Amino acid sequence: MSRGRASVEARPQRALGQYFTPLLVAQSTVRVLEEYGAFDSPEGSPGIRVIDPAAGSGVFLDAVKARDGSLVGVTGIDADPELKGVDVFTGNGLLDHPERGVLEGSFDVAVGNPPYGGKGLSELARLAAGGAEPEAWDLALAVLGRSEVWRLCSGLSPLPELFDLRCTPRLCRHLERASRFPVEHLFVERFVRLLRPSGWLAVVVPEGLLANARWAPVRDWMATYGRVREIIGLPRVFARVGATARTAVLIYQRNEAAEGTVRLAD
């Protein structure tokens with residue numbers, strides 16, 4: 001999506017934790033995926049489906065469309081309504097959108113730069129306080145009910161009242177804690193879940209996710225369902241908008257079906 005990109009990318013860090021990816025980074029990332037054969041259509045396949053569940057201004061999708069190859073289509077999702085366009089619709093990238101064909105295991109390639117911090121999970125805190133829209137339960141179910149990364153990092157199992165949509169004091173405490181969880185870790189899990197067996201992922205992540213002992217459960221979870229093929233350190237490309245964390249592009253491939261599939265939490 002190109003409409004309004006210059007004005008959008010000129011804005012500093014947003015409440016949603018967005019740091020817009022420079023075009024050169026997106027283009028270079030797509031070239032790396034090409035070298036791995038990520039865009040080669042499997043035999044009998046009509047073409048490649050690509051998704052960016054945190055699409056921002058659509059720069060990764062533009063880089064994908066600019067290359068040669070057989071694409072069935074590209075899909076972008078972003079929570080910011082100012083960023084919707086031909087390939088990007090407004091929605092929560094952590095959730096399924098069946099009406100748009102966005103379901104787990106439906107895409108050959110996932111690319112993007114998820115939000116860091118920001119207010120992406122603030123709905124959970126509002127839900128605990130009784131001030132959220134009913135749709136906030138969808139996010140609560142996705143995080144507290146189905147996210148294996150959340151469960152591994154927090155040590156908390158889903159509560160029965162969650163599935164009854166009852167905000168008990170105990171559940172409220174869990175919701176408040178989840179609202180402070182790094183949303184980028186949930187997005188990494190989401191990227192993986194969206195992939196078909198043998199699908200490819202290229203995602204910009206903070207280096208702390210790759211090295212900090214605290215987030216070893218995230219890395220262990222990813223290793224269960226695929227393998228890291230390459231890590232590409234980035235210069236401080238987001239420094240001009242106040243982001244100080246070092247980042248890297250993570251290139252990852254899902255396992256084949258015979259090697260295991262991503263399982264939803266019970």
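What volume does the second largest cavity have? The second largest cavity has a volume of about 30 Å³, where a cavity is a set of points on a 1 Å grid over the protein atoms alone at which a 1.4 Å probe fits but cannot get out, and a volume is the space filled by probe spheres set on the points. This is a predicted model, in which local features need pLDDT of at least 70, side-chain atom pairs count only at pLDDT 80 or more, and totals for chains, interfaces and linings use all residues. Residues are numbered from 1 along each chain as its sequence is written, and side-chain values use heavy atoms, with hydrogens and water left out.

Strand β5 (residues 195–206; strands are DSSP runs of E, at least two residues) is largely enclosed by the rest of the structure, because nine of its twelve residues are buried, that is, under 20% relative accessible area with a 1.4 Å probe, protein chains only. Its pairings (at least two DSSP bridges between two strands) are tabulated here.

| Strand paired with β5 | Bridges | Direction |
|---|---|---|
| β4 (residues 107–112) | five | parallel |
| β7 (residues 247–254) | seven | antiparallel |

Val-109 has Trp-200 as its bridge partner in β5, while Val-205 stands opposite Ala-248 in β7.

The structure holds four aromatic pairs, counted when ring centres of Phe, Tyr or Trp (its six-membered ring) lie within 6.5 Å. The rings of Phe-181 and Trp-215 have centres 5.9 Å apart and planes at 90°, so this pair is edge-to-face, a class that requires over 60 degrees.

Terms used:
1 Å grid on protein atoms, 1.4 Å probe; cavity = no way out; pocket = protein on both sides within 12 Å on 5 of 7 lines; lining within 4 Å. Buried < 20%, exposed > 50% of the residue type's maximum accessible area, 1.4 Å probe, protein only. Helix = DSSP H or I, 4+ residues; strand = E, 2+ residues; numbered from the N terminus. Phe/Tyr/Trp six-rings, centres within 6.5 Å; stacked < 30°, edge-to-face > 60°.
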